[in-house]
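Trainee: Could you take me through this structure? I would like to begin with the ground rules and then look at the parts.

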Amino acid sequence: MQLESLYQEIILDHYKHPHGRGLRDAADPADRVGEAHHVNPTCGDEITVRVATDGATLHDVSYDGMGCSISQASASVLHELLTGRGATEAFEVHEAFVALMSGRGQVTPDEDVLGDGVAFEGVARYPARVKCALLPWMAFKDAAARAGVGASPTEVKA
Amino acid sequence: MTTIAIPPGMPQYDDVPRYDVAAVRADFPILDREVNGHPLVYLDSANTSHKPRQVLDVLAEHYARHNANVSRSVHTLGTEATEAYEGARAKVAAFVNAPSVDEVVFTKNSTEAINIVAYAFSNASLRPDADPRLRLGPGDEIVISEMEHHSNIVPWQLLAERTGATLRWFPVTDNGRLDESGLTDLVNERTKIVSLVHMSNILGTVNATSRITARVREVGALLLLDCSQSVPHMPIDVVDLDADFIVFTGHKMCGPTGIGVLWGRTELLAAMPPVFGGGSMIETVTMGGSTYAAPPARFEAGTPPIAEAVALGAAVDYLTGIGMPAIQWYEKQLTAYALDALGGVPGLRIFGPEVPVGRGGTISFALGDVHPHDVGQVLDSLGVQVRVGHHCARPVCTRFGVPATTRASFYLYTTTEEIDALVAGLEQVRKVFA
């Protein structure tokens, strides 16, 4: 297996220079805020994701955590892709990312939908690391549900 | 140049028992394979060891030639299987110098062995006529340590919950040693059982137990030692250790998975109520009630892992043939070599003793702030297999302020060249995450 397919430049860049890191209060006090803390019990990685929304638009997706390059870069990409999006659109992106990660390397990602998220295509070929990439996205789903948007928390096959 | 002569009458350097490592490696078929285009460098033996051909052959031979259920058949195959199974028990008993073969209970693994003891306490606590040493209630105390594997934490937490007893623990020092400074307070008249790891699976620390044993005897408590990481790597003598129970597991000592051992003093096992009910563990059964077999059968309900036990016996033969003192010495040399080599890697921090004294060949470390998952992934791409994560010892990670560590662990087949490959791989990790 080629290590470069896992540690793409884009992933290492998000890891070393994370975008939007740190938990933030809602800029608009009228926003609903939901937060979720997820851990990967096998490695101890942790992430907290907070969603601020008026129900239609995700005004902010902020996060904090500690973990490996894959999980932390994934959180950075999550923030970048979903902040400012309409809720419906955000969940389409979410679905595309989960599909990519569950695809065992057989799914070709759409860069128009996933942006920097396409860099995680290689991760899907490393079953031991899929959970790392999904950790922030699963936390996001729970946080969004607690802020009143999206479906109720469900298990996604990793 | 001067040489220091060891006075006559003292152990000489050449007296150290040795064995041919290349010949040993040739016994392990898996060591020939490649991983990701590189020769396999297996540094995860604390997780599970590899199995020599001698063990694999016995496992296959048992199913091919002697397969039958044990302890219930008059036919020839049943007799052969029973003799092989009980023969394995005798081998295991001799391996740890158990005074009686009946002190060896076969279990699934160390985890099950600890749970059997914990549940025997639990069951005894419900019976007013049970041995008072096994009865727990509010005000009684259970003592463990901060360096335990989860398997020696959670069963006691659950026991404390069920009985109302209090769980206490020895802390760990900055050097990764057991902090015994609070011994007389921690182990006191209220203590019913002390359950301690003999060798830490994450720090590599080998605990000196004599002071603790003396205190345990003084207050009339019982002592369980989790020897999962020590029995495979050094001579263990239960009489010498003066413990009440020890547990260990087959797959870390060249044996198969699915077979472990609970050793307990005869009179204690005899005092313990059963835990699992079913076939083989009974004396007589009526619809109105049952009476139970003597140990070890009392704790082996149902068809046991027969082939696994027989193969564990073969593993014991294999290790005994090489010699546990020789294995211990060899691993001590490896550990000294590895500590020295890892000490030269920039930004590397070792968790646990940094000297090859009172420790085994299991070394946890951090490489700068590179996450252990990333360290392990890059090493894997070079064929180097290490464990990353919290090693089922999360309180140790918390103690040292890290979510996870990278761990290299050695065994009788590990070579200094493999340690060199680890060090070279760490250089590669530093490049990727520079």
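Mentor: The conversation below goes from the domains to the sheet, the helices, the chain contact and some local details.

Mentor: This is a predicted model, in which local features need pLDDT of at least 70 and side-chain atom pairs count only at pLDDT 80 or more, while totals for chains, interfaces and linings use all residues. Residues are numbered from 1 along each chain as its sequence is written, and chains are lettered from A and ligands numbered from 1 in the order in which they are written.

Trainee: How is chain B divided into domains?

Mentor: Domain 1 of chain B covers 13-52 + 323-432, and domain 2 covers 56-321. Such bounds come from an automatic or database domain assignment. Taken over C-alpha atoms, the centres of the two domains of chain B are 28 Å apart.

Trainee: How many residues of domain 1 of chain B are in contact with domain 2 of chain B?

Mentor: In domain 1 of chain B, 28 residues are in contact with 31 residues of domain 2 of chain B. Contact is counted when the C-beta atoms of two residues, placed from the backbone, lie within 7 Å.

Trainee: And which element of domain 1 gives the most to that side?

Mentor: Helix 11 of chain B does, with 5 residues. Helices (H or I, at least four residues) and strands (E, at least two) are DSSP runs, numbered from the N terminus. The residues on this side of domain 1 of chain B divide into 12 nonpolar, 11 polar and 5 charged. In that division, Ala, Val, Leu, Ile, Met, Phe, Trp, Tyr, Cys and Pro count as nonpolar, Asp, Glu, Lys and Arg as charged, and the others, Gly among them, as polar.

Trainee: Turning to the sheet, in what order do its 4 strands run?

Mentor: The open sheet of chain B has the order 13-14-17-16, with antiparallel pairing. Two strands pair if DSSP finds at least two bridges between them.

Trainee: Why is one side of strand 13 and of strand 16 of chain B left without a neighbour?

Mentor: Strand 13 (348-351) and strand 16 (387-389) of chain B stand at the edges and have a single partner strand each, so one side of each has no neighbour in the sheet. From one strand to the next, the twist averages 30 degrees.

Trainee: What joins strand 13 to strand 14 of chain B?

Mentor: Strand 13 of chain B pairs with strand 14 (residues 362-367) of chain B in the antiparallel sense over 4 bridges. B:Phe351 stands opposite B:Ser364 in strand 14 of chain B.

Trainee: Which helix lies across strand 13, strand 14 and strand 17 of chain B?

Mentor: Helix 11 (residues 324-343) of chain B lies across them, running at about 5 degrees to strand 14 of chain B. For such angles, axes are lines fitted to C-alpha atoms, for helices over the stretch in contact, and values run from 0 to 180 degrees between N-to-C directions.

Trainee: At what angle do helix 2 and helix 10 of chain B cross?

Mentor: The axes of helix 2 (residues 53-65) and helix 10 (residues 306-322) of chain B cross at roughly 150 degrees and come within 8 Å. These two helices of chain B are therefore roughly antiparallel to each other. By the convention used, angles under 35 degrees count as roughly parallel, over 145 as roughly antiparallel, 65 to 115 as roughly perpendicular and the rest as oblique.

Trainee: Which residues make that contact?

Mentor: Helix 2 of chain B contributes residues including B:Val58 and B:Leu59, and helix 10 of chain B contributes residues including B:Ala311 and B:Ala314. By class, the contact of helix 2 with helix 10 of chain B has 10 nonpolar, 2 polar and no charged residues.

Trainee: Where does chain A come in? How many residues of chain B are in contact with it?

Mentor: In chain B, 15 residues are in contact with 14 residues of chain A. Helix 12 of chain B supplies the largest share of the chain B side, 5 residues. That side of chain B has 6 nonpolar, 7 polar and 2 charged residues.

Trainee: What does helix 12 of chain B meet in helix 14 of chain B?

Mentor: B:Val375, B:Val378 and B:Leu379 in helix 12 of chain B meet B:Gly425, B:Gln428, B:Val429 and B:Val432 in helix 14 of chain B.

Trainee: Last topic: which residues does the cis peptide bond join?

Mentor: The cis peptide bond joins B:Pro295 and B:Pro296, with omega about 5 degrees. B:Pro296 lies in the loop between strand 12 (289-292) and helix 10 of chain B. Strand 12 of chain B also forms a hairpin with strand 11 of chain B, with 2 residues between them.
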